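Here is a short briefing for a reader new to this structure. Look over the sequence and the model, then read on.

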Amino acid sequence: MGLDQLAAGTADGLVVAKLNRLSRSVADFAHVLRVAKKQRWSVVALDLGIDTSTLNGRLVANIVMSVAEWKREIISQGTSEALAEAKECDVQLGPPILVPKPVIRRIRRLRSNGHTLRAIADQLNADRVPTAHGGDRWHNPTIRGVLGRSGGDPHGRTRPTAPSRPVSVRNPRGVYGQPDFAARGSPGRDP
């Protein structure tokens, strides 16, 4: 059954296994309910036994969606607090840097002397310096990543960054029973 069948009036309702999978926010769910009311169809959530064709069903569905949105915001807040605390404690997030320290020092020295990311990559490529994984080509994002993961750009053009893939951070306080949180970072930008 598709939403077009509901809109056309050839179906009476939308059945979902879990209400919180239909919508991720109260505002979105309210929109679904407005459309359902306007088009004269209902939502039935099997996990909670809710049928929005009744007043009580609509009330309970809105309460459940409000609690689900609150829970997501609490988890997000706990994640932010845990990451801030980890940062204060100088916790290294993500896997260790695989680039040899002499290469990192060279990249940082070249950047401090005003070289662009492209110029640094070109020089490492010309000198046939292998990448961390044994590759033979250095690229701007790789240089930016090395600078970000090794304390930031000495020229001030990029900030220290978290890894660009999910990592687990131990939440020292165990906020709301959620001991671990995932975080994503993004590399800084080169002008």
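Which helices do the buried residues of α5 pack against? They pack against α6 (117-126) and α7 (140-149). This is a predicted model, in which local features need pLDDT of at least 70 and side-chain atom pairs count only at pLDDT 80 or more, while totals for chains, interfaces and linings use all residues. Residues are numbered from 1 along each chain as its sequence is written, and side-chain values use heavy atoms, with hydrogens and water left out.

**Overall layout**

- The chain has seven helices and five strands. Helices (H or I, at least four residues) and strands (E, at least two) are DSSP runs, numbered from the N terminus.
- Along the sequence, the pattern is α-β-α-α-β-β-α-α-α-α-β-β.
- Of the 191 residues in the chain, 32% are buried. Buried means under 20% relative accessible area, exposed over 50%, and partly exposed in between (1.4 Å probe, protein chains only).
- Take the contacts (heavy atoms within 4.5 Å) between residues at least 6 apart in sequence: 54% of them join residues at least 24 apart.

**Confidence**

- The mean pLDDT of the chain is 79, and 80% of its residues reach 70 or more. pLDDT is the predictor's confidence in each residue, from 0 to 100.
- Among the elements, α6 has the highest mean pLDDT (95) and strand β5 (residues 180-183) the lowest (39).
- Over residues 158-191 the pLDDT is below 50, yet this stretch has 78 contacts in the model beyond near neighbours in sequence.
- Where pLDDT is low, the predicted coordinates should not be read in detail.

**Nonpolar cores**

- The largest nonpolar core has 16 residues, and L19, F29 and W41 have the most contacts inside it. Such a core is a set of buried Ala, Val, Leu, Ile, Met, Phe, Trp, Tyr and Cys residues joined through side-chain atoms within 4.5 Å.
- At least two residues of this core come from each of β1 (13-16), α3 (26-39), β2 (42-45) and α4 (55-88).
- Helix α3 gives the largest share, five residues.
- W41 is in contact with L6, A11, D12, G13, L14, V32, V35 and A36, leaving aside its neighbours within four places in sequence.
- A second, separate core has 14 residues, including L110, L117, I120 and V146.

**The sheet**

- Three strands form an open sheet in the order β1-β2-β3, with mixed pairing. Two strands pair if DSSP finds at least two bridges between them.
- β1 and β3 (50-51) are the edge strands, and each pairs on one side only.
- β1 and β2 run parallel and are joined by four bridges. V16 has A45 in β2 as its bridge partner.

**Helix α5**

- Helix α5 (residues 101-112) has 12 residues. From first C-alpha to last, α5 reaches 16 Å, close to the 16 Å expected at 1.5 Å a residue. That expected span is 1.5 Å times one less than the number of residues.
- Its buried residues are V103, I104, R106, I107, L110 and R111. They lie on the same side of α5, because they cover an arc of only 160° around the axis. The arc is that of the directions from the helix axis to the C-beta atoms.
- Exposed residues K101, P102 and R105 sit on the face of α5 turned away from its buried side.
- R106 is in α5 and has a relative accessible area of 18%, so R106 counts as buried.
- Not counting residues up to four places away in sequence, R106 touches Q123, L124, D127 and V129.
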